[in-house]
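Have the model open in your viewer for this one.

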Amino acid sequence: MSPVTRREALLLGGIGSASVAAGVTGLILTAPGGAGAPGPVRSGVDFVQPPVRTASRGLLDVDLTAAETSTVIAGRSATVWAFEGGVPGPTLRVRAGDRLRVRLRNRLSEPTNLHVHGLHVAPGGNSDNVFISVEPGGDFQYEYRLPADHAPGTFWYHPHHHGSVADQVFAGLYGAIVVEDPVPVPAARERVLVISDITIGPDGHPAPASASERILGREGSSVLVNGQVTPHLTARPGERERWRIVNACAARVLRLRLDGQRLQLLAIDAGRSTGPTDVSEVVLSPGNRADLLVTAQSGTNSLWTLPVDRGGTGGMMGAGAQPNQQTVHLATLTVDGRPVAAASPIPSSPPARDLRTAAVTAKRQLTFAMGMGGMSGMSLTIDGRAFDPSRVDTRVRMGAVEEWTLVNASPMDHPFHLHVWPMQVLTDGASPVWRDVVNVPAHGSVRVRIAFQDFPGRTVYHCHILDHEDAGMMGVVLGA
Ligand code: C2O
Ligand code: CU
Ligand code: CU
């Protein structure tokens, strides 16, 4: 046992009564607004990962049954929704050029469907078609063909049935997808960490969102890593681990911090968009993923998510409601045992495409706004309109390179997500920044470039605060 530091003692003392309820709340501490992470906190359960399904000979053929299931969340029995009985569902591992065939079996009491977030695949037919509705008791066979040059990386799947996306994801329906690297990154082990949040109500079911949570975006009272509260991981000194982190929260922004170990960011979202770059924290909007190398040094350290200011409703809802600003303990890493030799160098990857020098064929602006009105008392719109699946909002010509200025006219951040085609965020930095979810800050704007080079068809873009998507902050894009 390592000696308890003064800071840790203060921390543990400070949450004396709260820690009795820690099993229920998932050890959420409200920080006084400091910048640093609290010291390490011991945790109980061993880290587990979702089961894995791996493609062989170019095909991964799986069933994903969406159904109610009984489980234990934060020490309490709970009835949640899950794929294949697990929160998260199985991790699907494929390679560029593979076919991914998923039989979605809807055993829920309401319609659902499936979306493969971040994959560059066709948006129509039985591919990544979010306009499909699979009725209760029904089955649907999806088939996604990954192009031979598909970017490697960490992706994820979740339902996308308009109007119930937040409810269904919050209830437990999500899982990771890994597209393998052509040249593996040497690591002692790889871990998938699907981070999600949920509130279990007094009846043992996921709590329905209140009116203000639907406007702010719901944040659960338990934050889970692979369905567990504060799991415990161990590594030997010198071991390099690869962590594939998915932010599957409906609305919570993660600002991840793990002090005392070496963190190198390989990518946010697909490919090798970033690194390796030494980092001290990683910020993930809902829907983003991080591909992170963690090289174990020594000691016991906790993985935290720190408060993020994502704005609020300004003066629009009485006092001006704001999302929670919480520091949450997510997991603990103990470094112990005999040191290992330094890991081999990280293989370089081909430089990412840079559209900053490309000829732009069209420019457009999308404006995100919140106003009074609508079902919940507030409207959430893009260009003044709420989502209508029968309308085309944006027509793009296949082969075009477009520049979109995303303007946020509201007092709350909106993480913008485009299906099928990744976006290059325009920055001054030397290396191109690619994302499939890009945060558009309150009263701010972001410029992105998109190469619509393949996959004609109809799909969507939307705010990845899933309550906002359900409220209509989504548009239809048609590539032809
Ligand atoms: Cu993660 Cu339109 O979705
Ligand atoms: Cu998506
Ligand atoms: Cu939003």
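This is a predicted model: local features need pLDDT of at least 70, side-chain atom pairs count only at pLDDT 80 or more; totals for chains, interfaces and linings use all residues.

As for bookkeeping, residues are numbered from 1 along each chain as its sequence is written, chains are lettered from A and ligands numbered from 1 in the order in which they are written, and side-chain values use heavy atoms, with hydrogens and water left out.

The largest cavity comes to about 90 Å³. Its lining (residues with an atom within 4 Å of a point) includes E219, R252, T305 and Q326. Sorted by class, that lining has four nonpolar, four polar and three charged residues, where Ala, Val, Leu, Ile, Met, Phe, Trp, Tyr, Cys and Pro count as nonpolar, Asp, Glu, Lys and Arg as charged, and the others, Gly among them, as polar.

Now for the pockets, meaning open sets with protein on both sides within 12 Å along at least five of seven lines. The largest pocket holds about 960 Å³ of space. It is lined by 38 residues, and D149, H150, A151, P152 and G271 are the closest to its centre. Strands β26 (414-418) and β28 are the elements that give two or more residues to this lining.

On to the metal: what holds the copper ion (ligand 3)? H414 (ND1), C463 (SG) and H468 (ND1) coordinate it at 2.0 to 2.2 Å, donors being N, O and S atoms within 2.8 Å of the metal (3.2 Å for Na, K and Ca). C463 and H468 are both buried, i.e. under 20% relative accessible area with a 1.4 Å probe and protein chains only.

Back to β28, this time in a six-stranded open sheet, ordered β23-β22-β25-β30-β27-β28 with mixed pairing. Strands are DSSP runs (E, at least two residues) numbered from the N terminus, and two of them pair if DSSP finds at least two bridges between them. β23 (378-382) and β28 (433-435) sit at the edges with a single partner strand each, so one side of each has no neighbour in the sheet. For β28, pairing with β27 (residues 423-425) is antiparallel over three bridges, and M423 stands opposite R435.

How values were computed:
Helices (H or I, at least four residues) and strands (E, at least two) are DSSP runs, numbered from the N terminus. On a 1 Å grid over the protein atoms alone, a cavity is a set of points where a 1.4 Å probe fits but cannot get out, and a pocket is an open set with protein on both sides within 12 Å along at least five of seven lines; lining residues have an atom within 4 Å of a point. Grid points are joined across faces, edges and corners, and a volume is the space filled by probe spheres set on the points. Buried means under 20% relative accessible area, exposed over 50%, partly exposed in between (1.4 Å probe, protein chains only).
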